[in-house]
Amino acid sequence: MKERLAELRREGEARIAAASTTSELQNVKASLIGRRGALADIMREIPSLDVSLRPEMGSAANDLKNFLVRLAEEREEALRLAGSAISPDFDLTVPGIAPDGGALHPITQMCYDLNDAFRSLGFEIFQEGEITSELYAFDNLNFPPDHPARESMDTYWIAGHDSGRGGDRLCLRPHLTGASVRYMQTRRPPYRFVYPGRVYRNETTDARHERAFFQYEALIVDREFPFSAGKVMVKSILDKVFGRDVPVRMRVGFFPFVEPGYEIDMGCLVCGGTGCSVCKHVGWIEIMPGGTPHPNVLRASGLDPSEYTGFYVNIGLDRLVMMRYGVDDVRLFHSADLRFLSQFK
Amino acid sequence: MKLSLDWIKDYVELPADLDVSRLMYDLTMSTVEVEGAERMSDRFRNMAVGVINEIVPHPNADKLRICRTDIGHGDVREIVCGGINLARGMKVAVAHPGALVRWHGEGEPVEIKNARLRGVESYGMICASSEIGLSELFPFKEEATIVDLSGFEAPAGTDLAAALGLDDVLLEIDNKSLTNRPDLWGHYGIARELSALYDVPLRGLPDFKLPDGAADVRVAIEDPAKCSRYIGVRIDRVSTKPASFGIRSRIWRVGMRPINALVDVTNYVMLAVGQPTHAFDSGNIEGGITVRRARDGEPLLLLNGRELRLSSGDLVIADDREAVALAGIMGGAKDSILDDTTSIILEIANFEPIGVRVTAQRNDLRTEASVRYEKGIDPQRADQALRLAADMFAAEFPEMTVTGYRDNYPRPLEPTRVEVSLDWMARRMGKRLGDGEIKGMLSRLGFSAEISGDLLLAGSPSWRSTGDISLPDDIMEEIARLHGYENFEPTPITTTFERSINQRGVDLERWLREYLSYRCGMQEVFTYPWVKDEYLDAVFPDRSGMLEISTPPAPDERHVRSSLLPNLLGAVSGNVRYFDDFAIYELSQVFFDRNYASAYDGRELLPEQRRRVTGAFVGWENGVPGLFRRAKGVVENIGRYVHVESLSFGQSARPHWADETVWLNISSGGAEAGHLALLSKRSALAAGIKQSAVMVFDIDVDSLIPLPSRTNKYARLPEYPQVEYDISMIFGDETKWESVESAALGKRGASDLVRSASFVDEYRGKQIPPGKKSITIRLVIGSDRKTLTSDEIESSAAAVKKRLIKQLGGEERT
């Protein structure tokens, strides 16, 4: 009987360990220690044993029973924890629940990306009113008195305030540069600041032209700022915005408020500079004008141009966003059309 | 502007190894933007000169003939042709198979193939000028006239482009990049620039010698400020025969139509040196020439047939009788070149740019001459024009004589002189260049340059003295661009650190946008600052206090917004077509015709401008309670999430556009700051919004009071458990939550165990008597000193119920 009990123990250990589901385990348990199980069969034979052997065999059988019961319980717990919380038919291909769908306007997104980049270089952010005067939009910026941009064909003048000259001739600002003089007049040099915003031109609109569009201007003014440092500034910003190494070149350009002025091109990211339809097959895309503030602009800001110099860049935000995403119609930015805007997160 | 590379090469010897793409690149980097280059020979691919050896009739067609044509190297092919001017020995343009031609000069180009024409095998095609894009160079009177090339020295088989001298490259220059460089208008100016860029010699123009015995041409200038120079040259024994092929071909390839030798030479001179000139028929000039202001209402019939009524702002060229030309813009019809002209007075003049621009604009007349004068031309360029014109007239008309001349030059141009510190320039450029190098570059550009110690004295040439060069910075730019911007090493940016950047006002705007977009699920939009009358009518029929644009984008968009709401409703109305349920907002500036002032300059008077944020929650008509709570929740939590002083609600004045019932005023720090309201049905309908409810918030951003930094309050976590306890009670319909909450909390003492009472829901319907509603309130009950027993919890809740019954007539819901 001792051998049979030992054998049953080995068998029990093996079968319990082998049970891979709860119901299988139940069956194993029944066949081992159930009322009609193998152990019960053995125990039923105990009364027929010699009296001297009965206590020893009885307690051995009981030990075995307790052992197997404990083993089965442990196995059952292990199986329970290993099992799934849900039916195996659960459909994992059902889509998730999207978070609430709001977003910033794609122009704001780009603007904030640039703000982050410029702030990391120690630039302040500045804003002026969108209605400005001829004094700040043109006079302070070295636009000659007869410059065509001063005419109503180009600029939106405010009715009833459009006949005077200078400070009381008002318009929706045609560019941001006037704000730079406001900033400089009210703070002490050196300056590092950006002033993003919307500007307005009296234009005929089409897919590439808008009456209202967004610019992003940055200005550094300091005692020493060679223009070759301007290129470093432009490149570090573009690298950050596009998240990769962006080739940059500066070439000659003319704008009244800078001297010298530059057109700044970035290497076409679509073709990598080999030429494609996006860059009109030249490998470069005109991305912003820039240059050293004209001495007259520095003077208007209260600075001595022989003492101070600096570097402007003026980024067309609409253009940059159009390039980033391949948007082909600038008018979409003011459409307020959620079918368009909801594409940008 | 289009430029011919061949023409440029008349004036400058470019480096032998220079290819076109390098030239384009260098000009773009240092001078002007070259937008493209066209190899003209591409237009004439697979076309060559053929010589007709023999012409035989076509067996099956009267109008066609078979031309046995030598196409080069003795290769004779039969070409079927319907040309009416075919002749033996004639040189013709043969399009080989593969060439692209336009049938009868119309439609898309078609590729030539060998074909059977009425049963006869024909090789390629003998072309008419219109079929190969040459009708302006080889005009024809009758259809089916083929190009006769017999006058060209080119044997059979010569490439057509080479035979005609059209194996040229055309450069396209971006005119915008030329605005500040009037000296570059024209081939000679670009040649001069290239000679400086590549340090190669520039060729001079032929000399002009006034023949002995030439008489005076009477030229009077009444207003030297408007006309600083006028050269009049009388040239006799000329005619209106066609110009030589060389001249026609040059002006044609850069975009001008050849007319006759007189007109073509004046155009050639303009395209070469950038100086417009004009030829009058001297037979029609009565007496002398006077440059004067027009009389008000003075009539002038222009060359293009338009009859103008002039005003005293316009400058005219007049003879002793009347105005004969609009100065710097266009000649008159009667006195310019006529078919029988044999004697001309050639005008080479300098007109002041603004006057030309104003007159051209007012009369909507932008001509080749006016665009050039508008840029400002240096008066000494007239000399170049005179030299070139005289030389060309002599070549075109060997028998011509100059019989009269006058150079009236009341205002000679002073060359600009600029002093530059070399040390200053080195610091600005980030690089020091040698004295010799600097002087060399300046002299290549035509400047005089002397250096003594740190001082550079530069004198600009006449063609750069019209305003383009005036400052040391201008001289630096010349040197830097000639040195090459690419040849400056990048300089690292250095800075001194003084303080951190702390701009709460700026952060506020961003935090607010990010809160609305990211937390509240709203989409940011931008709309225009001008408002459509339709949307303005919907919400603000009273326009007082609004600014207007003097030349608005559209007649119904002249008002500048004082509220973001009208255009935001426009945006809602546009989107309800596609979406049932959405939320949008705009944060932008608004403008008021009041409080004129400037924080920057005492001379400036700006109107009041404020930042505003306006949002709209749009949903189904019957979903107002939900929309209201959503919008209110957004506004209520601005304080917490945007870190500004919290906003509070009240009811003092209903906005004009708001629903009768659902409206609240918002205040910040005790001051009025905006509204939260349902758009009235009337306004919604007027804005084109049907069957949708629009819940609006409209807040003055400048009224928000930013807290000094991210501001939160820490409370110690409770040591003893707190329990949530919901009670539902029935109240009269008119009972407000505000009073329920305050009654539930009671007068709170330190011993009170009810920590908070919050709104769970409100219910009307089955089981609730009419005129009543059930409100479920969630109490949080707990103590700082011990764990409460269930008896203590129950008695706290019972006290709350008692207060609600006593103070608000509440009934416990069973």
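Visitor: Which residue in E5(B) is the bridge partner of Thr69(B)?
Guide: Arg77(B) is the bridge partner of Thr69(B) in E5(B). A quick note before we go on: this is a predicted model, where local features need pLDDT of at least 70, side-chain atom pairs count only at pLDDT 80 or more, and totals for chains, interfaces and linings use all residues. Residues are numbered from 1 along each chain as its sequence is written, while chains are lettered from A and ligands numbered from 1 in the order in which they are written.

Visitor: Thanks! And what does Thr69(B) stand opposite in the other pairing?
Guide: Ile52(B) stands opposite Thr69(B), which belongs to E4(B). Helices (H or I, at least four residues) and strands (E, at least two) are DSSP runs, numbered from the N terminus.

Visitor: How many bridges join E3 to E4 of chain B?
Guide: Seven bridges join strand E3 (residues 47–58) of chain B to strand E4 (residues 61–70) of chain B, and the two run antiparallel. For strands to count as paired, DSSP has to find at least two bridges between them. A hairpin through two residues connects E3(B) to E4(B).

Visitor: What about E4 and E5 of chain B?
Guide: E4(B) pairs with strand E5 (residues 76–81) of chain B over six bridges, in the antiparallel sense. Five residues lie between E4(B) and E5(B) in their hairpin, and Gly72(B) in the turn has a positive phi of about 120 degrees.

Visitor: Switching topic: what is the strand order in the sheet of seven strands?
Guide: That open sheet of chain B has the order E28-E31-E32-E36-E35-E34-E33, with mixed pairing. E28 and strand E33 (647–650) of chain B are at the edges with a single partner strand each, so one side of each is left without a neighbour in the sheet.

Visitor: How does E28 of chain B pair with E31?
Guide: E28(B) pairs with strand E31 (residues 582–597) of chain B in the parallel sense, over two bridges. There, Glu524(B) has Tyr585(B) in E31(B) as its bridge partner.

Visitor: There's a sheet of five strands as well; what's its order?
Guide: In chain B the order is E13-E24-E15-E23-E16, an open sheet with mixed pairing. Strand E13 (215–216) and strand E16 (277–281) of chain B are the edge strands, each pairing on one side only. E16(B) has five antiparallel bridges with strand E23 (residues 343–351) of chain B, and Asp281(B) stands opposite Ile344(B) in E23(B).

Visitor: Which helix packs on that sheet?
Guide: Helix H6 (residues 261–273) of chain B does, touching E16 and E23 of chain B, and its direction makes about 160 degrees with that of E16(B). Axes are lines fitted to C-alpha atoms, for helices over the stretch in contact, and angles run from 0 to 180 degrees between N-to-C directions. Two residues are in contact if their C-beta atoms, placed from the backbone, lie within 7 Å.

Visitor: Zooming out, how many residues of chain A are in contact with chain B?
Guide: 63 residues of chain A are in contact with 69 residues of chain B. Helix H8 (residues 227–242) of chain A gives the largest share of the chain A side, six residues.

Visitor: What ipTM does the predictor give the complex?
Guide: The predictor gives an ipTM of 0.85, along with a pTM of 0.83. Chain B has a mean pLDDT of 93, with 100% of its residues at 70 or more; pLDDT is the predictor's confidence in each residue, from 0 to 100.
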